[in-house]
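Hi there,

Here is the structure I promised to pass on. My notes on it follow below.

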Amino acid sequence: MSSIPRSIVVLTGAGVSAESGIPTFRAADGLWEEHRIEDVASPEGFARNPALVHDFYNERRRRLRQSDVRPNKGHLALAEFERKFRGEFLLVTQNIDDLHERAGSRKLLHMHGEMLKIRCELCGAVVENREADISPASICPCCHCAGGLRPHVVWFGEMPFHMDEILTALAACDLFVSIGTSGNVYPAADFHRTAKAAGAETVELNLEQTGGNFDRGRYGPASEIVPAFFANFPESIFTR
Ligand code: BV8
Ligand code: ZN
């Protein structure tokens with residue numbers, strides 16, 4: 001760490017959850033292998049075949065609930081750093097799993113939504129749904145109508161959540177750390193450029209280099225490089 005950071009923004013992607021057993025998107029055995037993105041992660045795909053899209057998320061929700069899927073040392077290191085750091089800290093995740101919450105992260109924004117929540121397009125209600133499989137016939141617990149429920153996630157072509165808060169934090173941060181993301185999806189893939197333009201130092205922690213023009217990078221599995229990176233700060237930046 002070249003200077004003492006006062007304000008840190010961290011962006012995570014599927015790579016931070018890979019060692020917890022959640023498949024990434026673009027690996028050989030990735031989530032997009034069996035499906036075309038436009039069929040399962042777009043409003044048009046949902047309109048064409050809602051049952052297929054519900055099944056895609058039902059399967060991922062069931063996987064997330066399995067006992068062997070839990071936060072790894074990368075998630076835990078981020079939560080511990082947030083707890084101890086005396087400056088401003090914001091964790092923005094592209095992931096729709098709940099592993100950061102389960103690790104103890106609190107200053108956390110899910111810019112692409114959460115797979116354990118569903119939204120009713122008829123009444124606008126957003127409700128937690130940790131267990132049930134959802135289908136086009138599922139009844140909304142608020143308006144008690146069927147046919148309006150969808151996963152509370154951001155599909156391609158839809159506006160990511162919390163963009164104002166994220167852009168404000170990027171403009172004010174002096175350290176931006178990207179973890180476990182291939183940098184294929186926008187606007188998240190531009191965040192390190194936005195932070196750099198505001199004067200921040202940018203760091204990539206990933207399994208492999210992604211070609212983004214970061215100031216520094218450390219490469220390897222998140223469960224190893226994330227704890228190592230965040231353990232490397234001077235004690236003075238932590239509250240007593
Ligand atoms: C939008 C939720 C308008 C659903 C997801 C330019 C500007 C703006 C938009 C666009 C643009 N160009 C194109 C667009 C449109 C589009 C887009 O980006 N398309 C791409 C395909 C080109 N973007 C949108 O539509 C977005 N909305 O633009 O609205 C707007 C414009 C400006 C400002 C505001 C609004 C909405 C996109 C959201 C889509 N929803 N997810 C779901 O999850 O089912 S995207 C989904 O894919 C994830 O959320 C994530 O974002 C993305 C996957 O990416 P990664 O997380 O990076 O995963 P990936 O597998 O690719 O990579 C994993 C990485 O981890 C790898 O690098 C690997 O090496 C590494 N790794 C693996 N194992 C480990 C590891 N690292 C460490 N340790 C390990 N063990
Ligand atoms: Zn409803």
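In what order do the three strands of the open sheet lie? The order is S5-S4-S6, with antiparallel pairing. Strands here are DSSP runs of E with at least two residues, and helices are runs of H or I with at least four, both numbered from the N terminus; two strands pair if DSSP finds at least two bridges between them.

Before going on, please note that this is a predicted model, where local features need pLDDT of at least 70 and side-chain atom pairs count only at pLDDT 80 or more, while totals for chains, interfaces and linings use all residues. Residues are numbered from 1 along each chain as its sequence is written, and side-chain values use heavy atoms, with hydrogens and water left out.

Back to the sheet: strands S5 (126-128) and S6 (149-153) are its edges, each pairing on one side only. S4 (residues 113-120) and S6 are antiparallel and share four bridges, and Arg119 sits opposite Arg150 in S6. Helix H3 (residues 50-65) packs on the sheet, in contact (heavy atoms within 4.5 Å) with S4 and S6.

Then there is the largest nonpolar core, with 23 residues. Such a core is a set of buried (under 20% relative accessible area, 1.4 Å probe, protein chains only) Ala, Val, Leu, Ile, Met, Phe, Trp, Tyr and Cys residues joined through side-chain atoms within 4.5 Å. Helix H8 (222-230) gives the most to this core, five residues. Phe81 is among the residues with the most contacts inside it; beyond four places away in sequence, Phe81 touches Ile8, Phe89, Phe230, Phe233, Ile237 and Phe238.

Best wishes

How values were computed. Chains are lettered from A and ligands numbered from 1 in the order in which they are written. Axes are lines fitted to C-alpha atoms, for helices over the stretch in contact, and angles run from 0 to 180 degrees between N-to-C directions. Buried means under 20% relative accessible area, exposed over 50%, partly exposed in between (1.4 Å probe, protein chains only).
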